[in-house]
Amino acid sequence: VSAWLDAGASPGVSSVSFEVSGGAFTDQVVAKAALTEFGWLAKWDTTTIPNGTYTLQSVATYAGGLSGTSAPVTITVDNPAPTTSMLGPANASTQSGLSAYLDASASPGVSSVSFEVSGGAFTDQIVAQAVLTEFGWLAKWDTTTIPNGTYTLQSVATYASGQSGVSAPVTITVDNPAPTTSILGPANASTQSGLSAWLDASASPGVSSVSFEVSGGAFTDQVVAKAALTEFGWLAPWDTTRIPNGTYTIQSVATYASGQSGTSAPVTITVDNPAPTTSVLVPADASTQSGPSAYLDASASPGVSSVSFEVSGGAFTDRVVAGAALTEFGWLAAWDTTTIPNGTYTLQSVATYASGLSGTSAPITITVKN
């Protein structure tokens, strides 16, 4: 860690540094010298560069900035890997919670210590980075980030050069209870409707995600919303128009990063949305239509997932003649009027939510005349 470097220099020199070249380095300053009765002396931490063969030279500089460089000498850096050992937790111990303490010793000069877990789906998975304290290299480990099970845990000490050494492993068991969660809103037996019914839940500390599930009718544990953590709990807006009207149970599901999850007690809610509204904007009532691209346009309630146009009259009852696309001008469609006989018909728009609930516009009368 402390190789001594010494150089002679011209009288009047204000500073001397030592530079290394070789490998990835060209004139890399590795030490600054101090003038002593034995020459310009410096301590060099050789663990800061990888093992290998290099050239080393001294650079003497006047206060004015003029510098001169020595003839190089060839040196070989050959440091053994750093050593490290686990101080905590104990072998065969059980770990749980968000702040399990890890502790390791390491060689002097080490720049970093990490802790790695192996077992199950993991091989040398880094779970924590340590800081050097008076008690060793300490780190807090959130054990909820890996599944319950038995693993080996080891410390890895690394020099600034990147050279590392690994401790003997200890065996530990991770055993976390499932996270807890409960529904804060909506209230039991409440009625929900609209595009943004608010869902709220509490959950254990350390939970990485909360979702809301609906069961009932054709649904079993159907995820209807993903929550975000706020100062008011895990909140999510729910578009209730995506499921049919009816009575359901809703529950929150809290999940750790490991995938371990817990489910709340369910609450019963009733979804009761009115049918969406829609009206025909184009064509005008009593107008005549012809050609392969007669434009149809309709307005519809927010949240509607589809709009179609239906014709009745003659041999047709609610015959779908076009499916619309939502544009800045409304729900627009092109209708090939040549697909139905000339005659007088009623035309209406039908708006539908994702749940299948639909509403129909007032009809207008149009004449097809191709």
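Predicted model: local features only at pLDDT ≥ 70, side-chain atom pairs only at ≥ 80, totals over all residues.

The peptide bond joining G88 to P89 is cis, with omega about 10°. A92 belongs to the loop between strand 9 and strand 10 as well. Although A92 is not a glycine, its phi is positive, at about 70°. Is A92 buried or exposed? Its relative accessibility is 62%, and A92 therefore counts as exposed.

P186 sits in the loop that links strand 19, residues 181-185, with strand 20, residues 190-192.

There is also a positive phi within a strand. D318, which is part of strand 33, residues 316-323, has a phi of about 50° and is not a glycine. Its relative accessibility of 39% is why D318 counts as partly exposed.

I now return to strand 9 and the sheet to which it belongs. This is an open sheet of four strands, ordered 9-11-15-14, with antiparallel pairing. Which strands form its edges? They are strand 9, residues 84-88, and strand 14, residues 131-133, each of which pairs on one side only. From one strand to the next, the twist averages 35°. Within this sheet, strand 11, residues 100-106, and strand 15, residues 136-141, run antiparallel and are joined by five bridges. One of the residues concerned is D103, whose bridge partner in strand 15 is L138.

How many of the eight residues of strand 2 are buried? Seven are, so strand 2, residues 15-22, is largely enclosed by the rest of the structure. Strand 2 has an antiparallel pairing with strand 6, residues 52-61, over seven bridges. In that pairing, V16 has A60 of strand 6 as its bridge partner. Strand 2 also runs antiparallel to strand 3, residues 25-32, and five bridges join the two. Here V20 stands opposite Q28 of strand 3. The hairpin made by strand 2 and strand 3 has two residues between the strands, and G23 adopts a positive phi near 60° in it.

On strand 6, I would draw attention to T61. T61 has a relative accessibility of 19%; the cut-off for buried is under 20%, and T61 therefore counts as buried. Beyond its neighbours within four places in sequence, T61 contacts V13, S14, S15, L66 and S67.

Finally, I come to F219, which lies in strand 23, residues 219-226. What does F219 contact, once its neighbours within four places in sequence are left aside? The residues are V214, I243, P244 and Y248. From F219 to T249 the separation is 30 residues in sequence, and 10.0 Å in space from C-alpha to C-alpha.

Thank you for your attention; I would welcome any discussion.

Notes
Residues numbered from 1 in each chain as written. Heavy atoms only, no water. Buried < 20%, exposed > 50% of the residue type's maximum accessible area, 1.4 Å probe, protein only. Pairing = 2+ DSSP bridges. Contact = heavy atoms within 4.5 Å. Axes fitted to C-alpha atoms, helices over the stretch in contact; angles between N-to-C directions.
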